[in-house]
Amino acid sequence: MKTLKIAIQKSGRLNEKSVELLKNCGLSFENYKSSLISPVSNFPLEILFLRDDDIPEYVQDGIADLGIVGENVIEETEVSVAYLQRLGFGKCSLKIAVTNNSDITDLSGLNGKSIATTYPAILSKFLKKENIQAEIRTISGSVEISPGLGLSDAICDLVSTGGTLKSNGLKPFADVMSSEAVLIGSKGSENDELIQELIQRIQSVLRAKE
Ligand code: PRP
Ligand code: ZN
Ligand code: MG
């Protein structure tokens with residue numbers, strides 16, 4: 001019998017809730033410690049613990065059959081995958097923010113300015129749509145400290161509780177996209193019997209929470 005692979009976030013906002021969802025589906029496995037792959041003892045499934053940013057490509061390429069990841073990451077990586085189920089957690093939005101004392105107060109104020117982000121593809125589409133000419137500075141993390149260091153005039157990053165923005169003296173002023181965790185599969189995977197079985201278990205866990 002074949003064994004499916006599901007990729008979930010190794011650490012970060014979605015990790016705990018992803019593990020909890022799979023456990024609530026009755027799947028029995030060791031949680032991530034040092035091994036990046038955990039076999040499920042009572043279902044033909046292996047859990048891969050990965051950086052969330054890598055999950056869409058792993059699924060697109062069929063290295064993982066399934067993945068749990070934020071819509072923001074899927075949108076940014078521009079992959080072709082099947083959306084199997086919205087999961088109702090990990091809700092957040094991608095926002096543009098500036099320092100509390102910035103003179104930028106609306107979108108047009110971004111013309112000629114620089115914006116630091118780890119989401120250059122989504123931001124670039126958004127700016128084009130809004131007809132704003134700004135320079136995008138792509139960095140790979142800790143985006144929130146960039147205006148304070150004089151590295152950019154604004155940032156575009158995920159906001160969940162808003163705590164990270166606040167503690168870095170930033171205020172949001174424009175919404176770029178909203179996002180939540182979703183279950184994705186490789187194209188065509190929705191027809192697989194084992195995957196159907198998993199989706200049904202996930203759906204009953206979600207229904208029980210309503
Ligand atoms: C996001 C984002 C912020 C933080 C915001 O990171 O990059 O750093 O969450 O959350 P808050 O509004 O509740 O303070 P994420 O956990 O998605 O991890 P990653 O950027 O490392 O992928
Ligand atoms: Zn990430
Ligand atoms: Mg982050």
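Predicted model: local features only at pLDDT ≥ 70, side-chain atom pairs only at ≥ 80, totals over all residues.
Biologist: Which residues are around ligand 1?
Modeller: They are Gly12, Arg13, Asp52, Gly141, Asp157, Leu158, Val159, Ser160, Thr161, Gly162, Gly163 and Thr164. A residue counts as near the ligand if its C-beta atom, placed from the backbone, lies within 6 Å of it.

Biologist: And which element supplies the largest share?
Modeller: Strand E9 does, with three residues. Both E9 (154-159) and helix H5 (163-167) supply at least two. Helices (H or I, at least four residues) and strands (E, at least two) are DSSP runs, numbered from the N terminus.

Biologist: What is the shell like by class?
Modeller: It has two nonpolar, seven polar and three charged residues. Ala, Val, Leu, Ile, Met, Phe, Trp, Tyr, Cys and Pro count as nonpolar, Asp, Glu, Lys and Arg as charged, and the others, Gly among them, as polar.

Biologist: How many residues of domain 1 are in contact with domain 2?
Modeller: Nine residues of domain 1 are in contact with nine of domain 2, contact meaning C-beta atoms, placed from the backbone, within 7 Å. Helix H3 (residues 71-77) gives the most to the domain 1 side, with four residues. That side has no nonpolar, three polar and six charged residues.

Biologist: Changing topic, which residues have the most contacts inside the largest nonpolar core?
Modeller: Ile6, Ala7, Val59, Leu66, Val69 and Ile184 do, in a core of 29 residues. Such a core is a set of buried Ala, Val, Leu, Ile, Met, Phe, Trp, Tyr and Cys residues joined through C-beta atoms within 7 Å. Apart from it lies another core, of 21 residues, among them Leu94 and Ile155.

Biologist: Is Tyr83 buried or exposed?
Modeller: Tyr83 is exposed, with 12 other C-beta atoms within 10 Å. The cut-offs, on C-beta atoms placed from the backbone and within 10 Å, are 20 or more others for buried, 12 or fewer for exposed, and partly exposed in between. Tyr83 is in strand E5 (residues 82-86) and touches Val182 and Ile184, not counting residues up to four places away in sequence.

Technical notes
Residues numbered from 1 in each chain as written. Chains lettered and ligands numbered in written order. Contact = placed C-beta atoms within 7 Å.
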